[in-house]
Amino acid sequence: MTTWSIREVPVSETADESAWLLHGYTAAMNQVLVDSWGTRDFERTAREILGSMHDQRYDRKPRLVAVRDDEADAPDPTRVLGFAALLMPLQDNTHTAHLDVGVLPEHRGRGIGSSLFDAAEAMVRADGRTQMTMSSDQQVEPPEGPDTLAPTTGTGRVSTTDAGVRFALARGFALEQVARYSRFDLPFDPAIIAEHRAQAEAKSGPDYGIVSWRGAAPEEWVDEFALLNTRMSTDAPLGGLDFEEDVWDAARIRSTEKQFEERGIELLVLAAEHLPTHTLAAFTAFMAVPNTDEFVHQHDTLVLKEHRGKRLGMLVKTANLQRLAAERPSVRRIGTWNAEENSYMLAINVALGFQPAGGSGEWQLKLR
Ligand SMILES: CC(C)(COP(=O)(O)OP(=O)(O)OC[C@H]1O[C@@H](n2cnc3c(N)ncnc32)[C@H](O)[C@@H]1OP(=O)(O)O)[C@@H](O)C(=O)NCCC(=O)NCCS
């Protein structure tokens, strides 16, 4: 019978071979992702994961692994059978922690997931936090019917026969939101995107211009960019998720830029400037990752409340698609996440040609 122990992945200086728990953690996470999604688009590298662990200024990030017991304690990454990643915000939202847990498919149903969860929950409680959140992934949103569950928002569904859903329900989590994952395939028809952009420009009018950068925000825009990030934390629909405003300032932007640089991540940011006030009214960004040059994540998109209703969302998204095609012609796929009840954002994505490709259940547990 396999027995295992829960260990914490040390924050090593480098991702060389001696960091075997880190390599086991990375491999386990990647196997779970490929098994859940049937694509390697979301795979990560040990170096990128370690780069994130190096920066714990705004979030504490304990990483746990279930390691197959071995008398000799061989430094063998294949002994890692499952992982748990905690994200514990240190500035705002200190009441809550997000947990990502996964077990290698061939080792499920033996209590490994439960022991990883218990160890993570103990850390959350020991830290005085009163809430945990988790996500369960699904490749297809089930149609209405038996064995499905809708969130408290009423929009979207998950299947109650899914292992992740059962895992969350068994621990008393409530389904507070369902998110849709959508994919956009490139290359696109330039005439269609140009037409959408022209229509958006006609509506938004001469008061708005385009500003863009890669990596570090220009000094001129860093405070404005921080404000957009703060607003992003509460302006996107949260369903029944109990999160408070997450405040960003220039120092946090710079700190995150440094972290992304170490991880080999590059943001392609594009914003709409409100010319009369020299402020940023809207932005969108792609996140390019080090493991592939064929796939990018759609990162945040936001139009400030006071500038909505002028097609600025469509404007920044089309302009950034054109820019992506010019600057990163190797990209074949974009993936994006939206709350199922976020009808405005989804309408833009659907009009552009994004196709539903699965989603997630967003779960919340109040700890007593
Ligand atoms: C969800 C997940 C982490 C569970 O991992 P796991 O190791 O199979 O978890 P456990 O073995 O502790 O529990 C799973 C089932 O095995 C049962 N089980 C637990 N210990 C057992 C044992 N010793 N013998 C037999 N069955 C056992 C549990 O009762 C549970 O049954 P249920 O699904 O009918 O409630 C795993 O399926 C996974 O990685 N899924 C993909 C990622 C994911 O969905 N993560 C969670 C998001 S909320």
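This is a predicted model: local features need pLDDT of at least 70, side-chain atom pairs count only at pLDDT 80 or more; totals for chains, interfaces and linings use all residues.
Reader: What makes N338 count as buried?
Author: Its relative accessibility is 7%. Buried means under 20%, so N338 counts as buried.

Reader: Where does N338 lie, and which residues is N338 in contact with?
Author: N338 sits in strand β14, residues 333-339. Leaving aside neighbours within four places in sequence, N338 contacts A179, R180, M345, L346 and N349.

Reader: What makes the pairing of N338 with N349 a polar contact?
Author: The two side chains come to 3.0 Å. The cut-off for a pair of N or O atoms is within 3.5 Å. The pair therefore counts as a polar contact.

Reader: Why is a set of residues called a nonpolar core?
Author: The members are buried residues of kinds such as Leu and Ile, joined through side-chain atoms within 4.5 Å. The largest such core here has 28 residues. L312, L321, L324 and I334 touch the most other members. Helix α8 gives the most to this core, with 7 residues.

Reader: Which residues does I334 touch?
Author: Not counting residues up to four places away in sequence, they include F184, L186, F286, L321 and L324. Another core, of 27 residues, lies apart, with L99 and F167 among its members.

Reader: How do you know how α5 and α8 cross?
Author: Their axes come within 8 Å and cross at roughly 145 degrees. The crossing is left-handed. Residues that meet include I193 and A194 in α5, and L312 and L315 in α8. The contact divides into 8 nonpolar, 4 polar and 2 charged residues.

Methods: Residues are numbered from 1 along each chain as its sequence is written. Side-chain values use heavy atoms; hydrogens and water are left out. Buried means under 20% relative accessible area, exposed over 50%, partly exposed in between (1.4 Å probe, protein chains only). Helices (H or I, at least four residues) and strands (E, at least two) are DSSP runs, numbered from the N terminus. Contact means heavy atoms within 4.5 Å. A polar contact is a pair of N or O atoms within 3.5 Å; within protein, one must be able to donate a hydrogen and the other to accept it, and residues adjacent in sequence count only if both atoms are side-chain atoms. Axes are lines fitted to C-alpha atoms, for helices over the stretch in contact, and angles run from 0 to 180 degrees between N-to-C directions. A crossing is left-handed if the near helix is turned anticlockwise from the far one by less than a right angle, and right-handed if clockwise. Ala, Val, Leu, Ile, Met, Phe, Trp, Tyr, Cys and Pro count as nonpolar, Asp, Glu, Lys and Arg as charged, and the others, Gly among them, as polar.
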